[in-house]
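Hi,

Here is the model I promised to pass on. Have a look at it first, and my notes follow below.

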Amino acid sequence: MLSISEKLSQIHHRIECAVSQYQKNQQVRLLCVSKTKPVEAIEEAYLQGERHFGESYAVEASEKIEELRKKGYNDICWHFIGPIQKNKTKLIAEHFDIVESVDREIVVERLSEQRPSNMKPLEVLIEVNISGEEQKSGCLPEKAEQIASKVASKPNLRIKGLMGVAKDTADETEIKQSFKKLEALFEKLKRTYPEINTLSMGMTHDLEEAIECGSTEVRIGTAIFGAREYKQGRTDTSVAFIGGGNMSSCIFESVIKSMSPRNITVSGPHLEKLEHFKVSGASITTDNVQAVQKSKIVFLGVKPQMLTAVLQELADAKIDFEEKLVISMAAGYPLKSIEKFLNSSRVVRIMPNTPAKIGEGVTAVTFDKGCADPDKELVRLFLKGMGTVCEGNERQLNVIGAVAGCGPAFVYRFMEALIAESVRHGLDEKDSRSMVEQLFKGTADMVINNQQQSIASLREAVTSKGGTTFAGLTKMSEGGFEDMMQKVIQASLDRTAEFESMF
């Protein structure tokens, strides 16, 4: 395994090669992203000459900054790069030298008011959403000039540039288009504010494209310090389940494959209904606040119509959710509504389907903008015992929910119809069910084991023109099967939209 020193050498080499290849004259600064990493790792990078470090969690970062300053590391330039919560602006203003993620005027006001008078002006980069993804932080490009003007009007703030994150995709053209958009905005702002000198864009996977498009700073974390590793052994984090229903039970069984049930607390209104969690080694309680306060990971396993009351209860308890990862399984309850109560964007929505109970499910996942890579890895680890995990944005989550979440019911309905027709034509009901069960299992296995073939080609392989299968398929077409399925999925999506409008 490479040391931090060796990894830094590799990253600097990549930066130098990119600058040379694209004949860029500007200096490109390396920002070492040290969020979630111990002070010892920062010290090791410091000894290799690094002085710029980026943090995303204000509470965790302020503690590390104080500890390192007491040790004499007073020449580190600290960058805040995470989503900014209004109740954390004071910590950011008091501890950081540069904040790269300003995207709202209210944040500008609060940082200005809370910057200590004995500190030099806080340098500000405006974060711009250049990918167009809803789950990403950043202001709209057309809002950047207005925010820049606001920053420039504050004597204890300094406008220094822009920051942006491209879409995580293998399409280099799409990545460069995003970076070029930010570069054009950067050049435009420089004409109004000559002091602007930082264009922060590019991470481990796209730093070359960023430098080609004019980046003056790249933000690198995992490639220097490594990812937080959960896969080897068992994690010792603490988990709370609010609600102990069927899906919480299912997720609980998956979670305890990677951690001890002794680190889990399950809360619900009726202790007798939580006894099976206690038998497995978890603690049980009727106190939601107590369960959440002592946990780092919180699963919200209550119905959508009950979730508002639970969130209000937690909000009234003044719990700091910046240090907690919240995972909701409530259908139709959007991320923005959860954020509003918890004042945190470190939130995940998941939509499992019922086959997850036997480890054969599909779970849709969408991460809010405050979720770091270690958060995402931990969620994937917790859910992998339930089957396949499909990640996407919130709109895609709804589609996956309509297809995979509702889909088992549609499949059951089809199975029921085949069994009923078998019985109607003289077969025994038990034999009919056994036959249809194997029919669906075998057909699914044929699809899974023949990835090189389209499903249409597999269908055509059992359809002789003029034969019995052809006759049946013809009736499906005449009956408007595809049109019916379109209406089925659309109805599920429409109902999801209705739920979302309620919350």
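Which helix is serine 492 found in? Serine 492 is in helix H21, where helices (H or I, at least four residues) and strands (E, at least two) are DSSP runs numbered from the N terminus. Serine 492 counts as buried because its relative accessible area is 15%; the cut-offs are under 20% for buried, over 50% for exposed and partly exposed in between, with a 1.4 Å probe and protein chains only. Apart from neighbours within four places in sequence, serine 492 has contacts (heavy atoms within 4.5 Å) with Ala402, Cys406 and Phe410.

Before I go on, the ground rules. This is a predicted model, so local features need pLDDT of at least 70 and side-chain atom pairs count only at pLDDT 80 or more, while totals for chains, interfaces and linings use all residues. Residues are numbered from 1 along each chain as its sequence is written, and side-chain values use heavy atoms, with hydrogens and water left out.

On confidence: pLDDT is the predictor's confidence in each residue, from 0 to 100. The protein chain has a mean of 92, with 98% of its residues at 70 or more. Residues 229-234 stay under 50, and the model gives them 13 contacts beyond four places in sequence.

Now helix H16. Its 12 residues (394-405) would span 16 Å if straight, at 1.5 Å a residue, but the end C-alpha atoms of H16 are only 14 Å apart; the expected span is 1.5 Å times one less than the number of residues. Ala402, one of the contacts of serine 492, is among the buried residues of H16, as are Glu394 and Asn398. The buried residues of H16 pack against several elements, including helix H14 (335-342), strand S16 (387-391) and helix H21 (481-502).

- Threonine 36 has a positive phi of about 70° without being a glycine. It sits in the loop between strand S1 (29-33) and helix H2 (39-47), and counts as buried because its relative accessibility is 16%.
- Lysine 318, also not a glycine, has a positive phi near 60°. It lies in the loop between helix H13 (304-316) and strand S13 (325-328), and counts as exposed because its relative accessibility is 73%.

Over to you!
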